[in-house]
Structure formats: C-alpha cells, structure tokens
Amino acid sequence: MATPSDFALAALALNVGRSLRRAGLSIATAESCTGGLIAKCLTDIAGSSDYFERGWVTYSNAAKRAELGVSGALLGRHGAVSEEVAMAMARGALRRSSARVSIAVTGVAGPAGGTPDKPVGTVWIAWGLKRQDGMQVYARRFLFRGSRNAIRRQTAAAALEGLPAS
C-alpha cells in the first residue's frame, strides 16, 4: 500500500463520517501504534461530534488494561501486538462508550521493538459493531513498509477503508 496523502486520508474520513451520520451511528477509536491519527482524521471534519464519540491512545499495556479493560492475562499470553488484543481493544471501546462502531489498532510502527515474528510494520486492526444481540468484532493483520509516519498513515487508511459503515 502506498502511503496516503493528507488529502486521501481526509477524503476517507469524510466518507466514513458521512456514512456514520446517514446510519445514525457513532464511533469510538482505540489506538496504539497510530498515536491518535485515526481520531484526528475523523475529528478534523466540521460536525464530527455528530458521529465521533471518543478516542483512546493506549501505548502501554497498563493503559490498555486501565482505559479499555484489556485483560493482563491476555496481554501476557499474546502480547500487545496480536489479534486477540486488537479485538479486546475494540470491545473495550464499545463497552466504555455509547458508540456502536469501533476501530482498534495495535502494532509495531517505530524502528525499535520489532521481533522476528512481529517485524516493524506489523499491525492488527480490529473493527467492532455493537448490536442488540451483542458485539461483533473482527480483525485483520497487515504488514506495512516505510517510516514510522508511513506505517501510521497506511494503518489509518486501512482502518477507515475497512469499516463496514464506509
């Protein structure tokens, strides 16, 4: 995936915002490796308070536990950069807000921290939907290339493109 421009990210966010507004849905985000970029994209739009409820930036495991209710045992068993943790973050964002849609991301964006099984650019994105019969959450793994900024921007684009409401 090419690194999206400011214009491309803004266009994606605008489309997502319009879709959420049309559907009468609100969204909450839980971000680790993107540092709040997805929330920024969504809230840069005039009128975003119609659909954007809350954003969490949880770089540390302690923040994931305290802010989103991610289990310490789950973090210990799978590590912060995992499908299980991304999905728990998406569920936590839904539980701790009145939003009906969530995006959660966790990954290795910086030059340090990569491992052979989770190299720099490894990102898990989870999308959640709160329904009357419970929560539906799914996740997908990505491997992005480039600088920290490029990985963050590619992650934000993939997260916005993957929303069912978009």
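Contact here means heavy atoms within 4.5 Å. Helices (H or I, at least four residues) and strands (E, at least two) are DSSP runs, numbered from the N terminus. The model is predicted, so local features need pLDDT of at least 70 and side-chain atom pairs count only at pLDDT 80 or more, while totals for chains, interfaces and linings use all residues. Residues are numbered from 1 along each chain as its sequence is written, and side-chain values use heavy atoms, with hydrogens and water left out.

**Helices H1 and H6**

Helix H1 spans residues 6-23 and helix H6 spans residues 148-161; their axes come within 10 Å and cross at roughly 25°. H1 is therefore roughly parallel to H6 (angles under 35 degrees count as roughly parallel, over 145 as roughly antiparallel, 65 to 115 as roughly perpendicular and the rest as oblique). Axes are lines fitted to C-alpha atoms, for helices over the stretch in contact, and angles run from 0 to 180 degrees between N-to-C directions. The crossing of the two helices, H1 and H6, is left-handed, that is, the near helix is turned anticlockwise from the far one by less than a right angle.

On the H1 side, the residues in contact are Asp-6, Leu-9, Leu-12, Ala-13 and Val-16; on the H6 side they are Arg-153, Ala-156, Ala-157, Leu-160 and Glu-161. Sorted by class, the contact of H1 with H6 has seven nonpolar, no polar and three charged residues. Ala, Val, Leu, Ile, Met, Phe, Trp, Tyr, Cys and Pro count as nonpolar, Asp, Glu, Lys and Arg as charged, and the others, Gly among them, as polar.

**Salt bridges**

A salt bridge is a side-chain nitrogen of Lys or Arg within 4 Å of a carboxyl oxygen of Asp or Glu. Four salt bridges are found in a search of the whole structure; the table includes some of them.

| Salt bridge | N to O distance |
|---|---|
| Arg-153 and Asp-6 | 2.7 Å |
| Lys-40 and Asp-44 | 2.7 Å |
| Asp-133 and Arg-131 | 3.2 Å |

Arg-153 in helix H6 and Asp-6 in helix H1 are 147 residues apart, so this pair links distant parts of the chain. Relative accessible area (1.4 Å probe, protein chains only) under 20% means buried, over 50% exposed, and in between partly exposed. Arg-153 is buried at 11%, whereas Asp-6 is exposed at 58%. Lys-40 is partly exposed at 45% and Asp-44 exposed at 53%. Asp-133 is exposed at 63%, and Arg-131 is partly exposed at 41%.
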